[in-house]
Amino acid sequence: MQYNHLDIEKKWQEFWAENQTFKASNESEKPKYYVLDMFPYPSGAGLHVGHPLGYIASDIYARYKRHKGFNVLHPQGYDSFGLPAEQYAIQTGQHPAKTTEANITTYRKQLDKIGFSFDWSREVRTSNPEYYKWTQWIFIQLFNSWYNKDSDKAEDISVLEKIFKKEGNATVNAVCDDEIKLFSSDEWKAFTKVEQEEVLLQYRLTFLSDTEVNWCPALGTVLANDEIVNGVSERGGHPVVRKKMTQWSMRISAYAQRLLDGLNTIDWPQPLKDSQTNWIGRSQGAMVSFNVDNGSEKTPSDVKLTFKELEALKELRLNLSKAEMTLWNELKNKKGAVKFRKKYTIGTFLVDYVCLAKNLIVEFSGKEDEVARTEFFNNESFNVVRFKNEEVIENVLKVVAAINNAIQFPKKIESTSVNKEAVKDENQYKIDVFTTRPDTIYGVSFMTLAPEHELVSKITTDAQKAEVKAYITATAKRSERDRMADVKTISGAFTGAYAIHPFSGEKIQIWIGDYVLANYGTGAVMAVPCGDQRDFDFAKHFEIPIPNIFEGVDISEEAHTDKDGTKIANSDFLSGLKYKKALKLAIFEMEKRGFGYGKINYRLRDAVFSRQRYWGEPFPVYYKDGMPQMIDAKHLPIVLPEVEKYLPTEDGKPPLGNATEWAWDSRGKKVVSNDKLKNKTVYPLELNTMPGWAGSSYYFNRYMDPNNENEIASKDNLEYWENIDLYIGGSEHATGHLLYARFWQKFLFDKGIVPVDEFAKKLINQGMILGTSAFVYKATAFIQNGCGCSDEKSNDDVIDKIPTVFVSKNLFNSDDEFEKVVKNYLLDTKFLNPNFADLVMITKTPLHSDVSLVNASDELDIDGFKNHVLNADYKNAEFILEEGVYKVGREVEKMSKSKYNDVNPDNIVADYGADSLRLFEMFLGPLEQAKPWKTSGISGVSSFLKKLWKLYFNGEIFEVSDTEPTKDELKTLHKTIKKVEEDIENFSFNTSVSTFMIAVNELTALKCNKRAILEPLTVLVSPYAPHIAEELWSLLGYKESISIVNFPIFDAKHLVESAKNYPISFNGKMRFTLELPLDLSKEEIEKIVMENEKTIAQLDGRIPKKVIVVPGKIINIVG
RNA sequence: GCUCAAGUGGCGGAAUUGGUAGACGCGCUGGAUUCAAAAUCCAGUUCUUUCGAGAGUGUGGGUUCGAUUCCCACCUUGAGUACCA
């Protein structure tokens, strides 16, 4: 019987659908295994053969795990909100829901044809209200949470409110907006409701903020960076401006460190982890304050300790008394502005604890020089509180409360001498900088501010005003893109102002320059030209001094950026130290003297969560007195309203501004018509929608219980399925989806909603499938200029007679040869009159040909080409052939419609079958690698399936024998079991396809049709080629699906050999082989080999220096 | 620039606790079958060669009895990322 893929595949796809073969149960005795593909967006273009690659791999793994006795969850769904559907809606007026639905239908049909073992009963779509109800719900949870740095997790906002009520915000250690005002509990209570909400919004994990966006007035939308080309919109070429817009943001920065740490616990590809690490961008350094020179004399503080004294201090810090320890345990967790340090020197005094930011010293009483201490500390503007040992031991909490109080309500210090700080007047400005190299602080010779820095206008001297202003205007004109792209041009302006070097007290120039970015760090840098190339270039350009602070390093040509192995010089107390020690000591000194502190900075910025689009999740938010209010979760989902047009409104509001039914009735608890907005209890709803990543940041959890109406998923299901065991998808999601999803997972974990804080244990990036484009070479004829011909018309005639000509690829190696070939052809065929031959010039134009017109030998189907819809112009073209055929050129490019190298899986499935497609996609090469597609290669796997089929048949009759298998047959089988199992575990699917081919070739040669061999073989093949396996399985007499039959068990005894075909090498080069029994000793082997005539011939009389015998492996004769 | 990955026949690729380089497939060559073609089957297919053999895994070194595999330097390609202080 012939193997008929069409009938077989249809039959089993229907069988699986009817029997719900792959429906996963939430309860099972079996261990669980969760395999997931990254959420597909159902685009209108449908699938090309590159798309299913990852799905096939994950499907093989899922099917394998079922054979291995796991309860497998392998769902699929659609990330169905998105821009393309909205774009299409704007162009055609069709509702995006409709086109999305149609796209999904096509998509599903295509997927079904490939025979995936998806549990479709769990399908989710992000654009379904039943689904986005939970997206909205998570948003509300984020709104109702803040990040407590002390407990290092998200907590409910009510906890924060309680703290505010009790003690104000001074002691709160939270991730929040910059520059939060301090308030006491009384002040909090005195705030109006709106004021309180404003404050809380600064702490919430999702919050409103003014964000700079690329606004395109003509399109009425915000554009992503890559939608802008040369300062204008990619579509339409309209101007784009930077504009501040109030938008929802997510405080992902709160999770920066945990997102970084979590990477160590998951098995993801290193490049992906690297790019996340890079994106989070942790840098360790110091915040340093530079005072701007205001003319008053100021001497640098000269109190410092030697390195030796510091080491001694370190020792002291480790040996605390019991009371000291008790109090330290309470104080050490305070971070940020209320961070305490223990055993610290202030002047020449050693204090027990100090909070530098709040100028508070905490000491144990009973020190001999208490009066002198107090006086000195007060002079240095420190408050001092003292406690007795017993107080701490008896009730440490009471002591801590007193300390908190002292922080919040500092006593006014009555100084006994002139307070240095008193000279501070309103002209005293400070410039804060973040640096990763505090060790190089003595190399600072100038400072650079971003042109947008707020201090620029305040400190610029009158003399420099004009220049600075001109520079700022010039930079403002340059787009951020321009500024980033142009690295070569060095530009800047001197402000005329000077800063005071905090250590040396020297005056240093303050410049502005657009190489400093306003929105990174503090928008200012301390420039160390000898240690940073950009600072170096800047200093060279503007002739600013470049002090060298590196021992024995030449910096005349370029900056010295290495840190390891270099000693610091010319740096006062840092001189002679290496990077690490200098860094620590510099930070230590800064903290002691109070103008700097060690800090960890992250590049990761909070994520903007608003989109001015229609086709996205609406926010469950309305506005009362301008403040956002969450709609109670029990009224969700808030369903996307209908609109007439999908464009922004005329006054620039997002598309939802077009909705007429888009107001919240706070009494009726429902969405009502905008007409009712006059009513006191009806409020406007949010007009923005959520971004694409909202719905895809938790869908993997929803699959665990997709139809639950009361919870995101039940606790039981979440605990049973836990997280994804294997996640497969493209590397383009490295920093978008995969970072945001990890953030949400950690948040949901903090809130106790999900049981684990990483959502995917193992992740694999499948490589792209590239297209193998086919090129035909068109000849274009034209008349040479300046030929001196009088009659132009006759020249036109000459050209008109010449048809379009295509030249086969191997007929030319150069453009000159090409021209010659074409001319000769035209002369031979009389298309060209020899008299005009010299007038005509020929040029070559390579054109993409549809790859479906080319066969495996690169030969073009000429008739097919002429009649192809795209080639109407070439109906009468001539083809210059080589050996009777037209050969095309080949090149590997990205697969796309525009290059005519895209291949639709539907055609492959129709011609060769889904099993062939699956095998071939795996056979192409390693899963993770990019590889070109060439349809011709599929005949190899296709004939493999035919050969496999034939093993079970004798002519037209299905015939399987029950006789005992031979040794060789068992050896083939078990070799195959071993290799296939190893390959699947290692995700090396390409090699197992080869293994199957070898097995079938061997069994065919052995004429094996034994049930004992073929049955296990069927199971082995089943994950890869499930349709043919099911068919053969049923022919073997089984009624149940093959999908949960146990995987064959490997037995090593069938692979034991008694002899080995030894390779005999001379100086490492294999010259011949020799079959020898495996039970020989080294000496016996050596003897036999040395006596062999081939060995003697090889040696040609030489005496070997050494003979290496590795039994069972190799023999190497040296000499 | 930086980070990462990868360089093996005409092509996709295989082989690494260091032990026969080129498995398997495509393509190609020859043969069988056929009126012919498709399909199928058989044999061959890294290069050079004086047919003895020799060379060979991006290039140049090194370690080793032995290197595609380990180390160093360089070249090329691809991916990501960037005035990140």
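Me: Is Lys624 buried, partly exposed or exposed?
Reply: Lys624 counts as partly exposed because its relative accessibility is 34%. Here buried means under 20% relative accessible area, exposed means over 50%, and partly exposed lies in between (1.4 Å probe, protein chains only). Before we go on, this is a predicted model, where local features need pLDDT of at least 70, side-chain atom pairs count only at pLDDT 80 or more, and totals for chains, interfaces and linings use all residues. Residues are numbered from 1 along each chain as its sequence is written, chains are lettered from A and ligands numbered from 1 in the order in which they are written, and side-chain values use heavy atoms, with hydrogens and water left out.

Me: Thanks! Where is Lys624 placed?
Reply: Lys624 sits in strand β23, residues 621-624. Helices (H or I, at least four residues) and strands (E, at least two) are DSSP runs, numbered from the N terminus.

Me: And how many helices and strands does chain A have?
Reply: There are 36 helices and 41 strands in chain A. Its C-alpha atoms fill a box of roughly 110 × 95 × 85 Å along the principal axes.

Me: How much of chain A is buried?
Reply: Of the 1119 residues in chain A, 51% are buried.

Me: What is Phe700 in contact with, beyond its neighbours within four places in sequence?
Reply: Phe700 is in contact with Tyr34, Leu36, Ile724, Ala741, Gln745 and Phe759. Contact means heavy atoms within 4.5 Å.

Me: What about contacts across chain A, how many link residues 24 or more positions apart?
Reply: Such pairs account for 71% of the contacts in chain A that have a separation of 6 or more.

Me: Last one: is Glu27 buried or exposed?
Reply: Glu27 counts as exposed because its relative accessibility is 71%. Glu27 lies in the loop between α1 (5-19) and β1 (32-37).
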